[in-house]
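Here is a short briefing on one protein model. Keep the sequence and the 3D view open as you read.

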Amino acid sequence: MTAIQDSTHPPQRLGLLLAWHGSVTQTRMKKALSAAGLTPRHAMTLTHLDAGPIGQGALAERLEVDPSVLVGILNDLEGDGLVERRRDPADRRRHNVAITDAGTAALAKTNAALDAVEIGLFARLSDQDQEALRGLLDRIDSHSEDFACGE
C-alpha cells in the first residue's frame, strides 16, 4: 500500500529512509559474510591485501583504523591462515602483510556472496541508476570518524 503524498501524509524523512535501507543492506551483507566465514572488517582487510603486500601502518591508514585495532584483525586472519606478517627486510621494525592462497580463496567466496546480495538489492536499478546512486552517496556528508563498527 502506497501512502499518498499530500498535506496529511508528509514525505518520509530522507535520513530515516537512508538509515532503514542501510540497516537492511548491512544485515544482508553481514549474513553473506558470515556464510563465507568473515566479518566486514576481515573482508575489507583481505580486499586491500588482494592488490599485493603492504606495510602494516599503511594498511591501518587505508582501512582508517587505529593500528592497535588492526593488530586484532590481523591476529584473527593470521590465525585462520588467511594472511601472513613478515618483517620488512629493508626495515626490520616494520611488518609487511600479505594475503595467502587460503585468503585469496576466502576472498573469492566472500565476493561471490556479496555479489549475490548486491544483485538482489539493486535488481530494479539499471546500470545508469546505480552509477547515479554512487554519485549521490559520494556527495553525502559522512566521515569515517562518525562511524561506529558494531562487529
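**Salt bridges**

Glu131 and Arg134 join their side chains in a salt bridge, 2.9 Å from N to O. Keep in mind that the model is predicted. A search of the whole structure finds three salt bridges.

- An α-helix has 3.6 residues a turn, so residues three or four places apart point the same way.
- Glu131 counts as exposed because its relative accessibility is 51%. The cut-off for exposed is over 50%.
- Arg134 has 46% relative accessibility, so it counts as partly exposed.
- Arg85 and Glu78 also form a salt bridge through their side chains, at 2.7 Å from N to O.
- Glu78 is partly exposed, with a relative accessible area of 32%.
- Glu84 and Arg86 meet in a salt bridge too, with 2.5 Å from N to O.
- Glu84 is partly exposed at a relative accessible area of 33%. Arg86 counts as exposed, at 52% relative accessibility.
- Why can such pairs form? Side chains of opposite charge can pair when their charged atoms come close.

**The sheet**

- Three strands make an open sheet, in the order E1-E3-E2. The pairing is antiparallel.
- Which strands stand at the edges? E1 and E2 do, each with a single partner strand. One side of each is therefore left without a neighbour in the sheet.
- Strand E1 covers residues 54-55, and strand E3 covers residues 91-99. Two bridges join these antiparallel strands.
- Gly55 stands opposite Asn96, a residue of E3.
- Strand E2 covers residues 83-88. How many bridges pair E2 with E3? There are six, again in the antiparallel sense.
- E2 and E3 form a hairpin, with two residues between them.
- Asp88 has Asp91 in E3 as its bridge partner.
- In a regular strand the side chains alternate between the two faces of the sheet.

**Helix H4**

- Helix H4 spans residues 67-79, which makes 13 residues.
- From first C-alpha to last, H4 reaches 18 Å. That is close to the 18 Å expected at 1.5 Å a residue.
- Which residues of H4 are buried? They are Leu70, Ile73, Leu74 and Leu77.
- The face of H4 turned away from the buried side carries Ser68 and Gly79, which are exposed.

**A nonpolar surface patch**

- Which residues form a nonpolar patch on the surface? They are Leu18, Leu125, Leu133, Leu137 and Ile140.
- Together they have about 370 Å² of accessible area.
- Leu18, one of the patch residues, lies in helix H1, residues 14-36.
- Is Leu18 buried or partly exposed? At 43% relative accessibility, Leu18 counts as partly exposed. Buried would need a relative accessible area under 20%.

Notes. Residues are numbered from 1 along each chain as its sequence is written. This is a predicted model: local features need pLDDT of at least 70, side-chain atom pairs count only at pLDDT 80 or more; totals for chains, interfaces and linings use all residues. Side-chain values use heavy atoms; hydrogens and water are left out. Patches are made of residues with over 30% relative accessible area and no salt bridge: like charges are joined within 9 Å, nonpolar side chains (Val, Leu, Ile, Met, Phe, Trp, Tyr) within 5 Å. Accessible areas come from the Shrake-Rupley method with a 1.4 Å probe; for residues, only the protein chains shown count as cover. A salt bridge is a side-chain nitrogen of Lys or Arg within 4 Å of a carboxyl oxygen of Asp or Glu. Helices (H or I, at least four residues) and strands (E, at least two) are DSSP runs, numbered from the N terminus. Buried means under 20% relative accessible area, exposed over 50%, partly exposed in between (1.4 Å probe, protein chains only). Two strands pair if DSSP finds at least two bridges between them. The expected span of a helix is 1.5 Å times one less than its number of residues.
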